[in-house]
Amino acid sequence: MSARADTEVPAGATGNGAQLNSFSHYRHLTLELAISQFKLRYTQSVLGYLWSLLKPAMIFGIIYVIFVVLFDVRDGTQYYGIQLLLGIVVWTFFAECTALSMQAIASNGGLIRKAYFPRSILVIAASLTSLFTFLINLCLVIVIAAALHQIDIGLRIVAVIPLLLELYMLALGISFFLGSLFVQYRDVGHLWEVLMQLLFYGSGVMFSLSYVLQRLHLARGVGVTTNYRPRDLWMAWLVVCNPIMQICEDLRHALVTPQAPWTETIVTGHLAAVHQYAALDVPWLLPMPFLVVALILAAGAFTFRARARNFAETL
Amino acid sequence: MSADPNLAIRVEHLSKRFRIPLDRSATLKHRMTHWRSATRYRIMEALRDVSFEVSAGEFIGIIGHNGSGKSTLLKILSRIYRPDAGVVAVEGKVSPFLELGVGFNPELTARENIFLSGAILGLGRAELHRLFDEIIGFAELEQFVDHKLKNFSSGMEVRLAFSLAIQAHAEILMMDEVLAVGDASFQQKCFDIFARYKREGRTVVLVTHELGAVMTYCDRALLLDHGRLVADGAAADVTAQYRRAIGLAADGSLTSTEVERWGSRDVVVTGVRMLDSRGLVDLNPATGGSVRVEIGYGIQHDAIADFVCVVWLLRDDGLMVSEASLPVSQYAQVGDSQREAGGTIRFDIPQLPLLDGAYSIDIEIQGRRDGAIYDHLKHAVHFRVIDKRARRGVVESGGVWSVVAGEQPPDTWQDPLG
């Protein structure tokens with residue numbers, strides 16, 4: 001018996017003129033899936049699409065009351081309200097995109113068992129649905145910020161594009177990973193919920209990175225070098241390796257105010273303080289988060305690819 | 001690879017096996033706590049060394065009993081499943097769907113569903129816009145374009161699915177039980193389309209139980225049995241062979257259409273015969289004679305190790321005369337394809353106690369642990385008992401008479417008349 005197990009299906013076969021090549025067909029299918037998912041999300045609700053705006057607004061209200069009215073963490077941060085709103089919008093996208101995409105495969109068992117197309121389309125379509133909502137929300141934040149004069153637009157705004165790209169790649173990478181594992185292990189869903197809670201507080205959605213590090217320095221007493229411990233170095237590492245925090249931070253700098261410094265500047269400053277203000281040259285600080293995201297995307301896509309062939313049989 | 005340009009599908013030594021986890025709790029916890037012991041599986045061989053070729057323009061039917069691997073084969077041809085071994089080569093654009101209405105969502109309107117499902121079928125947006133009126137018109141749903149699908153009757157839904165599906169311009173069409181849905185008029189529509197496909201010279205692979213459709217439209221048919229390709233030839237010959245296979249015993253006691261039958265078919269009754277003492281088929285046994293009921297069974301599912309066979313004797317008015325059951329154990333060796341996936345159960349009645357009348361036998365194969373019904377055959381065999389002495393009643397008592405002269409019963413005997 002032949003040990004080979006492959007399927008040869010030439011794509012560019014002859015056909016009648018109206019035939020689509022597979023790439024444009026799959027692009028079309030992805031969009032159709034994303035559009036219908038978007039419609040389905042807001043069907044059977046009175047407020048419909050408004051929910052995607054109301055949800056971040058409500059979360060904003062809760063956090064604002066807790067972190068401003070009860071414990072004032074503003075600490076002189078310029079335009080804290082808009083900075084918080086921006087963080088929440090970014091976070092909502094990340095949370096929704098991963099939650100939706102995680103179920104994209106498992107909830108489409110009928111489709112997977114009855115039709116052939118690259119399975120990744122389902123995950124990409126789900127992420128596009130969230131991305132679409134996110135972009136609208138982001139525009140609204142800018143409009144609100146402009147209306148309240150709480151925005152200082154400069155050339156920095158160019159940085160928004162790579163940052164958004166980074167954010168989407170991160171969400172997509174995690175979605176691939178979760179989506180493929182969720183098919184077989186539903187535990188992933190529960191685990192991810194808890195992890196998201198941790199990430200929410202660990203990503204500086206409601207406070208800026210400089211605020212956290214400032215508190216740390218105050219507690220230690222700046223300049224009293226003996227007070228620094230190895231864990232202060234880890235802090236910097238953690239921040240550098242958590243792309244969500246970096247994205248939130250840098251979006252604030254790029255979009256809202258130059259007073260919120262680049263993540264790189266903050267971390268360099270922190271490291272300098274830890275290392276007794278020695279002159280530091282850390283060239284990996286800037287590309288590091290992007291590298292982390294690239295790694296996550298590659299790992300997610302790889303996991304997905306390895307598992308995709310068994311989806312139809314597992315579901 | 002393709003020496004013959006006329007070849008549409010080439011399948012060589014195709015095998016597919018499914019691993020069915022014995023413990024369904026395939027969670028992380030389970031994996032963590034049982035990380036040393038590999039998860040135990042039963043191997044179900046869905047396809048075993050199947051080879052065939054289909055020429056372009058051929059209309060080919062795949063038939064076989066439930067669980068014979070028909071649908072698995074179709075799914076491998078359309079790339080939904082991957083083969084474990086062997087080569088599958090398909091030349092040409094394959095329809096990516098197996099059923100009607102793939103991707104339909106009840107919460108979307110007819111219009112939205114056309115665009116979504118159409119995208120899955122490989123139709124472009126511009127093309128769908130152009131064909132939209134035609135699709136809706138053919139489905140006779142002009143007034144319901146913007147109604148949600150969930151408010152459609154099943155007939156309307158099928159019409160919509162069908163008029164969309166026929167727009168797919170694949171060269172090779174794979175269809176799995178399309179005839180199973182819909183009423184007679186819908187089936188007629190399907191047949192019209194089949195005829196059109198045939199005229200257009202498209203390659204069609206049809207999986208169905210409708211032997212009539214196979215005879216009418218298919219040039220060729222493949223018969224699968226337990227994952228093996230047992231016949232490949234002219235549709236008429238192969239369907240005849242299949243009919244013989246399911247038609248069971250030559251005595252005509254059981255044909256699949258006459259018997260009321262239900263169950264999951266995880267284990268099936270493959271044949272029932274009633275024999276006399278000489279081993280010949282006898283549907284008119286005599287009271288007191290020796291009778292043997294032979295029940296052929298086939299295990300369709302490697303996960304099933306044991307089951308219970310129950311036989312009921314019933315009088316023609318439905319009175320249950322007797323019940324007998326036998327637990328059968330046949331433990332499968334995982335991966336042992338040599339294992340007999342079936343056998344014969346014999347039920348011997350040395351002296352038939354039934355008296356004159358018409359009787360029948362009901363047979364049921366049950367799961368041993370859960371009592372699930374695998375196969376139930378109502379009136380699997382009808383037979384008529386002939387009592388030479390024409391006694392009345394249902395059963396012979398089996399009592400023995402004797403007379404003792406000159407002896408009276410003891411004092412305890414009460415005279416019934418007082």
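Reader: Which residue lies over the face of A:Phe117, and at what distance from the ring centre?

Author: In this predicted model, that residue is A:Arg119, at 5.1 Å from the ring centre; a charge counts as over a ring if NZ of Lys or CZ of Arg is within 6 Å of the ring centre and within 35 degrees of the ring normal. Residues are numbered from 1 along each chain as its sequence is written, and local features need pLDDT of at least 70, with side-chain atom pairs counted only at pLDDT 80 or more.

Reader: And what lies over A:Phe182?

Author: A:Arg186 does, 4.9 Å from the ring centre.

Reader: Switching to ring pairs, how many aromatic pairs are there over all chains?

Author: The whole structure holds 16, where rings of Phe, Tyr and Trp (its six-membered ring) pair if their centres lie within 6.5 Å, and planes under 30 degrees apart count as stacked, over 60 as edge-to-face and the rest as tilted. One of them joins A:Phe38 and A:Tyr49, whose centres are 5.5 Å apart with planes at 45°, so this pair is tilted.

Reader: Is A:Phe38 buried or exposed?

Author: A:Phe38 is buried, at 17% relative accessible area, while A:Tyr49 is partly exposed at 24%; buried means under 20%, exposed over 50% and partly exposed in between (1.4 Å probe, protein chains only).

Reader: What about B:Phe18 and B:Tyr81, how are their planes set?

Author: Their planes stand at 75° and their centres 5.4 Å apart, so the pair is edge-to-face, and both residues are buried.

Reader: Which residues do ring pairs link into a cluster?

Author: The cluster takes in A:Trp91, A:Phe94, A:Trp192, A:Phe200 and A:Tyr201.

Terms used. Chains lettered and ligands numbered in written order. Heavy atoms only, no water.
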